[in-house]
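Please look over the model below.

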Amino acid sequence: MTPRRPSPAAVERLLAAIALRAEAARRLEGSGVGAVLRSVVEATVALFEAEASSIALFDPATGRLVFEVAAGEKGQPVVGLSIAPDQGIAGYVFTTGQALALSDVEHDPRFGREVAAKTAFLPRSIIAVPLLDERGTIGVLEVLDKRTSAALSLRDVELAAVFARQASVAIRASRVERDLATLLASTLRELAADAADAADNRATIEALVARAVASLGEGEDAGPWRLADLVARLRDADPAQVGLVTELLEVLERRAVRSARARRVARGGRAAPAAPEA
Amino acid sequence: MSDLTLPAWSEPFIGDNRSDLTRLRPIPGLDRASVFGDADGTGVRVAIIDSGVEGAHPDVGGRLVASVRVEMGEEDPIVSDDGEGQDVVGHGTACAGIIHALAPAAEIISVRVLGPDNRGKGAVFAAGLEWAIEQGASVVNLSLSSRSDAFFDVFHELADRAYFANVLLVCAANNVPGPSYPSLFASVVSVAAHDLADPWAWFYNPNPPVEFGARGVDVEVAWKGGGRMVATGNSFAAPHIAGLAALIRSRHPDISPFEVKTMLAATAG
């Protein structure tokens, strides 16, 4: 028995619907990654009692390491700065994937000159650990000037690595979503381009569907699944948190209903005036 | 904090945990006197694949005899002469200083694999390692590794080639679980840090993945610009073992990599 093949229009509608939801999920999550990264550096500063902590991520477009977030009074000026990936301690840790801890840094006045000059902060000690995903190093977490002790231990390095792992997981989740949205967008573009060419349509559609389904099967962390996962996790939240989320969802629902009603009114608006006057 | 389960491959070598390490049964006639004697590294070349080595740094003792840099070309990495030697970070000079302190007569070759271009860094590391093997370095210190599965084959082939060419690879362990090549291969000497201040204290761990623990906490090291620094990390433990291996190869020029490893294990403590 041959399964009934979906029409190109149906496939296109399906893919468009998925793309829309992936994009919606991405927008909902948009500030989420930044918030997680900020909370990671804030927790790092608090736990290490450090002067500053920062996360720099590699930007493939510019080929540079960009300081994305920082915590601690002396950390803020670093945000937005970028360095070459072979420069300084962050560059070394990024390129080699090796965690380092350095103290007595003031022994070398040339150390970190460029960044130090821009931030007017020359740290005495640094812990730097790589942010890793399955493909390699994606960035670096730094802890500057742990106040409690001048000496740094392996335990400090390993604890910093635990925080780096939290950041990596958040970044990975956001990238999976972005990749899914990109894939769907390119698939839709191909579909639109090929629609005019009926001869190859069936094979093209089959390939498109296979690709779309395969990507959904792989993407357990991706957009819609991630939303479902987040909702599922709320089962473990305390009543106050559940209440807050419920209120937020109710606000969203009301807005959605209102905007749907507004659209209906707008559509009917052109035909409606006749009735009251009748 | 102490309740956290940390990804600590140095853990077997830290504090009280060392009492759990199994000692090898003593091999008759193999003690530190017979293994090291009064060796000073004469006749041994140690390659350091890192951020470069500052040849003029006092801690390197003028023993830097060659210096190359590896950079990505149009398609393949290119190895070129690096003049008198420069260090873009300070880390390679730190490793050279540790090795020179243990094996002062050993010659040092610097292979600089950190460049401003992040593209193809696995390929650049591999090309640097291949070059060091072709030069016939007796010992290669690698405080870096690749986490990319795409380079498993490349590094595996190079590790085997090194082994059969009588080149000992000494690799710093990564503190994070997951792939790390070539440091996880059986033919290399993988090293994590212990927290004793003694460069002549090292430990053998028969439980993979990391076989040796050496000094790597609060080590005063050379740094770029003729500077010095106090540093912690597995990448400072590796050159301690590389220095000891240089001494062994200096005293026993004809032995193979597995015999060096055996001697290091037999004299650990």
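The model is predicted: local features need pLDDT of at least 70, side-chain atom pairs count only at pLDDT 80 or more, and totals for chains, interfaces and linings use all residues. Residues are numbered from 1 along each chain as its sequence is written, while chains are lettered from A and ligands numbered from 1 in the order in which they are written.

**Helix 3 of chain B**
- Helices (H or I, at least four residues) and strands (E, at least two) are DSSP runs, numbered from the N terminus.
- The 14 residues of helix 3 (residues 121–134) should span 20 Å at 1.5 Å a residue, and its end C-alpha atoms are 20 Å apart, which agrees; the expected span is 1.5 Å times one less than the number of residues.
- Buried residues in this helix include B:Phe125, B:Leu129 and B:Ile133 (buried: 20 or more other C-beta atoms, placed from the backbone, within 10 Å of the residue's own).

**Chain A**
- Chain A has eight helices and six strands, in the order α-β-β-β-α-β-α-β-β-α-α-α-α-α from the N terminus.
- Of its 278 residues, 36% count as buried.

**Interface of chains A and B**
- In chain A, 35 residues are in contact with 41 residues of chain B (contact: C-beta atoms, placed from the backbone, within 7 Å).
- Helix 4 of chain A gives the largest share of the chain A side, six residues.
- Strand 4 of chain A and strand 11 (residues 228–232) of chain B run antiparallel, joined by three bridges (strands pair if DSSP finds at least two bridges between them).
- A:Leu102 stands opposite B:Ala231 in strand 11 of chain B.

Terms used:
A residue is buried if 20 or more other C-beta atoms lie within 10 Å of its own, exposed if 12 or fewer, and partly exposed in between; C-beta atoms are placed from the backbone. Two residues are in contact if their C-beta atoms, placed from the backbone, lie within 7 Å.
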